[in-house]
Amino acid sequence: MTVRRAINELVQEGVIYARQGQGIYVADSKQEAERGPLFSFTEDMALRGMRASSRVLEKRIVNASTMLASTLQVVVGQPLVCLRRLRLADNEPMAIQTAYVPSRLCPGLIDLELEGASLYELLQSHYGLRIDDSQSAAGAAMTAEEEADLLGVAHPAALLVTEQITFLDTGVPIEFVRSLYRGDR
């Protein structure tokens, strides 16, 4: 049971992937990116001349896995808000984002209206948290069937996978987000 749970955590975190009837494989390595200017998805799309929006696919409280606890500098098992959204640009699917935020830093976040909202704007305006910096990594993957359906692409299709840790102005990590971008957009 413990091994099964550990494998499921590693799959969710993108470290490994499973193919039905074939086995479990280590995911491709990621290319680390330098710290640089921080842009939200909403700001990034605006810079490209597109209107950003989102559809909430899932929001729930999860317990921090070992990897998420280390990344977000929290205790293993601490409650995190898990927000999974389909990100749209000019009403066309662009990415699937799964964000994890320590719930102690933003109590009640899960109860707020998140449909179409910018998470960064909400963290700043509602909680007074000042987002300052981020660190990212990028890699590539192929879509699973559900991902292909959500993104409106044929299966299998290439994805750009990014992982980002977002920091407050105090240096405390506020968010870990894994984004699966359509390779053709």
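**Figure 1. The largest nonpolar core.** Among the 18 residues that make up the largest nonpolar core of this structure, the ones touching the most other members are L109, L119, L123, Y127 and I174. The elements that contribute two or more residues to this core are strand β5 (79–89), strand β6, helix α4 and strand β9. Helix α4 contributes the most, giving five residues to the core. The model shown here and in the other views is a predicted one. As general background, nonpolar side chains in soluble globular proteins tend to be buried together.

Figure 2. When neighbours within four places in sequence are left aside, L123 is in contact with C106, G128, L129, I131 and I174. One of the contact partners of L123 is C106, a residue that is buried, with a relative accessible area of 1%.

**Figure 3. Two buried cysteines.** C82 is buried, with a relative accessible area of 1%, and for C106 the relative accessible area is likewise given as 1%, so C106 counts as buried, the cut-off being under 20%. How many disulfides does a search of the whole structure find? The search finds zero disulfides.

**Figure 4. A stacked pair of aromatic rings.** How many aromatic pairs does the count come to? The count comes to one aromatic pair, and this pair is formed by Y100 and F176, which are stacked, with 6.5 Å from centre to centre and 25° between the planes. Y100 belongs to strand β6 (residues 92–102) and F176 to strand β9 (residues 173–182), so the pair ties together parts of the chain that are 76 residues apart in sequence. Are the two partners buried or exposed? Y100 is buried, with a relative accessible area of 12%, and F176 also counts as buried, at 6% relative accessibility.

**Figure 5. A polar contact made by a buried glutamine.** Q164 lies in strand β8, which covers residues 158–168. The side chain of Q164 makes a polar contact with the side chain of Y120, at 2.8 Å. Q164 has a relative accessibility of 15%, and because the cut-off for a buried residue is under 20%, Q164 counts as buried.

**Figure 6. The loop that holds I110.** I110 is placed in the loop between strand β6 and helix α4 (119–127). Not counting residues up to four places away in sequence, I110 touches K59, R60 and I61. The C-alpha atoms of I110 and L80 are separated by 9.8 Å, while the two residues are 30 residues apart along the chain.

**Figure 7. Helix α2 and residue E43.** E43 lies in helix α2, which covers residues 41–47, and E43 is partly exposed, with a relative accessible area of 43%. Between the C-alpha atoms of E43 and S118 there is a separation of 9.3 Å, whereas along the chain these residues are 75 residues apart.

Figure 8. The peptide bond from H155 to P156 is cis, with omega near 0°, and P156 is found in the loop between helix α5 (145–151) and strand β8. Q73, a residue other than glycine, has a positive phi, near 55°. The loop that holds Q73 runs between helix α3 (66–72) and strand β5, and Q73 counts as exposed, at 54% relative accessibility. N91 is not a glycine either, although its phi is positive, at about 65°, and N91 lies in the loop between strands β5 and β6.

**Figure 9. The whole protein, for orientation.** The protein has five helices and nine strands, and along the sequence these elements follow the pattern α-β-β-β-α-β-α-β-β-α-β-α-β-β. Of its 185 residues, 44% count as buried. The accessible surface of the protein comes to about 10,300 Å², and 50% of this surface belongs to carbon and sulfur atoms. Among the contacts between residues at least 6 apart in sequence, 57% join residues at least 24 apart.

Key: Residues are numbered from 1 along each chain as its sequence is written. This is a predicted model: local features need pLDDT of at least 70, side-chain atom pairs count only at pLDDT 80 or more; totals for chains, interfaces and linings use all residues. Side-chain values use heavy atoms; hydrogens and water are left out. Rings of Phe, Tyr and Trp (its six-membered ring) pair if their centres lie within 6.5 Å; planes under 30 degrees apart count as stacked, over 60 as edge-to-face and the rest as tilted. Helices (H or I, at least four residues) and strands (E, at least two) are DSSP runs, numbered from the N terminus. Buried means under 20% relative accessible area, exposed over 50%, partly exposed in between (1.4 Å probe, protein chains only). Contact means heavy atoms within 4.5 Å. Accessible areas come from the Shrake-Rupley method with a 1.4 Å probe; for residues, only the protein chains shown count as cover. A nonpolar core is a set of buried Ala, Val, Leu, Ile, Met, Phe, Trp, Tyr and Cys residues joined through side-chain atoms within 4.5 Å. A polar contact is a pair of N or O atoms within 3.5 Å; within protein, one must be able to donate a hydrogen and the other to accept it, and residues adjacent in sequence count only if both atoms are side-chain atoms. A disulfide is a pair of cysteine sulfur atoms within 2.5 Å.
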